[in-house]
Amino acid sequence: MSRNTKINGLLLLLVAALAVLPLALGLGDHKEEPFTGADAEAETAITEIEPDYEPWFSPLYEPPSGEIESALFSLQAALGAGVLAYYFGLRRGRRQGEERAAARAEGTVPAQGADKGA
């Protein structure tokens, strides 16, 4: 097993542990909605400290339910991950292309199709 495979497996286990441990340990059982976002937590803390607080801004769009809000957040995360994956894949492909072109220029690697029967 290569070093990269071991590292990837360890990272995968770490991510799985981060997802499962809060549920297994019962973190948030004392709350009505245990896994609310940071915005809701901040709003609760602010209203406890200053009950008469008036927000400076209001949201442009307020989803009708928590499920739709979660779906929109997931869509946003998926689009962001897709953009990042495209960018890093493009960079890697360009780098590999440059390495192949440099190797061909040095004559260490035959050009594509050059070794097929003549």
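Biologist: What are the ground rules here?
Modeller: This is a predicted model, so local features need pLDDT of at least 70 and side-chain atom pairs pLDDT 80 or more, while totals for chains, interfaces and linings use all residues. Residues are numbered from 1 along each chain as its sequence is written, and side-chain values use heavy atoms, without hydrogens and water.

Biologist: How many helices and strands does the chain have?
Modeller: Three helices and zero strands. The pattern along the sequence is α-α-α. Helices are DSSP runs of H or I with at least four residues, strands are E runs of at least two, and numbering starts at the N terminus.

Biologist: What share of the chain is buried?
Modeller: Buried residues are 3% of the 118. Buried is under 20% relative accessible area, exposed is over 50%, and partly exposed lies in between (1.4 Å probe, protein chains only).

Biologist: And the accessible surface of the chain?
Modeller: About 11100 Å², with 61% belonging to carbon and sulfur atoms. Areas come from the Shrake-Rupley method with a 1.4 Å probe; for residues, only the protein chains shown count as cover.

Biologist: Which residues make the nonpolar surface patch?
Modeller: L60, Y61, I68, L72, L75 and L79, over about 680 Å². Patch residues have over 30% relative accessible area and no salt bridge; like charges are joined within 9 Å, nonpolar side chains (Val, Leu, Ile, Met, Phe, Trp, Tyr) within 5 Å. A salt bridge puts a Lys or Arg side-chain nitrogen within 4 Å of an Asp or Glu carboxyl oxygen.

Biologist: Where is L60?
Modeller: In the loop between α2 and α3 (66-106). L60 counts as exposed because its relative accessibility is 93%.

Biologist: Switching to charge. Which residues gather in the negative patch?
Modeller: D39, E43, E62 and E69, on the surface. Asp and Glu count as negative, Lys and Arg as positive; His and chain ends are not counted. Charges are placed at NZ of Lys, CZ of Arg, CG of Asp or CD of Glu.

Biologist: Is E43 buried or exposed?
Modeller: Exposed, at 54% relative accessible area. E43 sits in helix α2 (residues 38-49).
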